[in-house]
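Please walk through the model below, from single residues to the chain as a whole. The text starts with a question and then works through the structure step by step.

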Amino acid sequence: MYQQMIFVNLPVADVDASKKFFTELGYSINPQFSDETTASVVISDTIVAMLLSKEKYAQFTKKEIADATRTSEVLIALSAESREKVDELVDKALAAGGTTAGETQDMGFMYGRSFDDLDGHTWEVVWMDPAAIEG
C-alpha cells in the first residue's frame with residue numbers, strides 16, 4: 001500500500017555541521033540524496049528532512065530565505081512513542097548544540113518539549129496518551 005511521504009526542505013548555514021547534529025540525534029543520512037550542498041536526513045520511513053545550503057535552497061525559490069534565528073518560518077512537530085522518548089530526543093538535541101525553544105508542555109495526556117537546531121529551526125517533540133487519542 002502506498003504511504004505518502006513528507007520531505008521538509010530547510011536552509012542551513014553549514015551542511016556538515018547539520019549532518020553531525022542530526023546523526024547525534026540518532027538519525028541517518030541517505031548518501032544517495034546527499035552531497036556537499038545537501039543532507040538527506042532520514043527521520044522515519046515516511047519523513048525526510050532535506051538540509052540544503054542556503055545557495056542550494058535559493059535554487060528552489062524566488063523568495064527571500066528566512067533567518068530562522070530571527071523569524072519563524074515553520075514549526076516542525078514530531079511524535080514520540082513515550083514521554084521518555086520526548087525527553088531523550090530533546091536532551092540529545094541540546095547536547096549536540098541545539099537550544100531550548102520554549103517551556104515543557106505537560107497536560108497529563110499530552111507531553112511535549114521543543115528545541116531549535118543549529119540554524120534556529122524549531123522542532124517540537126510530542127507524546128500523546130493513546131487512550132486519549134482513541135476517545
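Which residues does I29 touch, not counting residues up to four places away in sequence? The model is a predicted one, and in it I29 touches K19, T23, S34, S40 and V41. I29 lies in strand β2, which covers residues 28–29. With a relative accessible area of 23%, I29 is partly exposed, because buried means under 20%. A17 is twelve residues away from I29 along the chain, and the C-alpha atoms of I29 and A17 are separated by 13 Å.

The secondary structure of the protein chain consists of four helices and nine strands. Along the sequence the order is β-α-β-β-β-α-β-α-β-β-β-β-α.

Strand β1 is the place of V8. V8 has a relative accessibility of 19% and therefore counts as buried, the limit being under 20%. Apart from residues up to four places away in sequence, V8 touches V48, A49, M50 and I76. One of these pairs shows how the chain returns on itself: V8 and A49 are 41 residues apart in sequence, and their C-alpha atoms are 4.7 Å apart in space.

Strand β4 spans residues 47–53, and S53 is found in it. S53 counts as buried because its relative accessibility is 10%. Leaving aside neighbours within four places in sequence, S53 is in contact with V12, V15 and T37.

Helix α2, residues 54–58, contains K54. K54 counts as partly exposed, since its relative accessibility is 37%. Outside the four places on either side in sequence, K54 is in contact with P11, V12, A13 and I65. K54 and K19 are 35 residues apart in sequence, and the C-alpha to C-alpha separation is 15 Å.

What remains is the chain as a whole. Of its 135 residues, 35% count as buried. Among contacts between residues at least 6 apart in sequence, 51% join residues at least 24 apart. Taken along the principal axes, the C-alpha atoms fill a box of roughly 45 × 40 × 30 Å.

The protein chain exposes about 8400 Å², of which carbon and sulfur atoms supply 51%. The side chains include 11 positive and 23 negative ones, and the centres of the two sets lie 5 Å apart.

Technical notes: Residues are numbered from 1 along each chain as its sequence is written. This is a predicted model: local features need pLDDT of at least 70, side-chain atom pairs count only at pLDDT 80 or more; totals for chains, interfaces and linings use all residues. Side-chain values use heavy atoms; hydrogens and water are left out. Helices (H or I, at least four residues) and strands (E, at least two) are DSSP runs, numbered from the N terminus. Buried means under 20% relative accessible area, exposed over 50%, partly exposed in between (1.4 Å probe, protein chains only). Contact means heavy atoms within 4.5 Å. Accessible areas come from the Shrake-Rupley method with a 1.4 Å probe; for residues, only the protein chains shown count as cover. Lys and Arg count as positive and Asp and Glu as negative; His and the chain ends are not counted. The place of a charge is taken as NZ of Lys, CZ of Arg, CG of Asp or CD of Glu.
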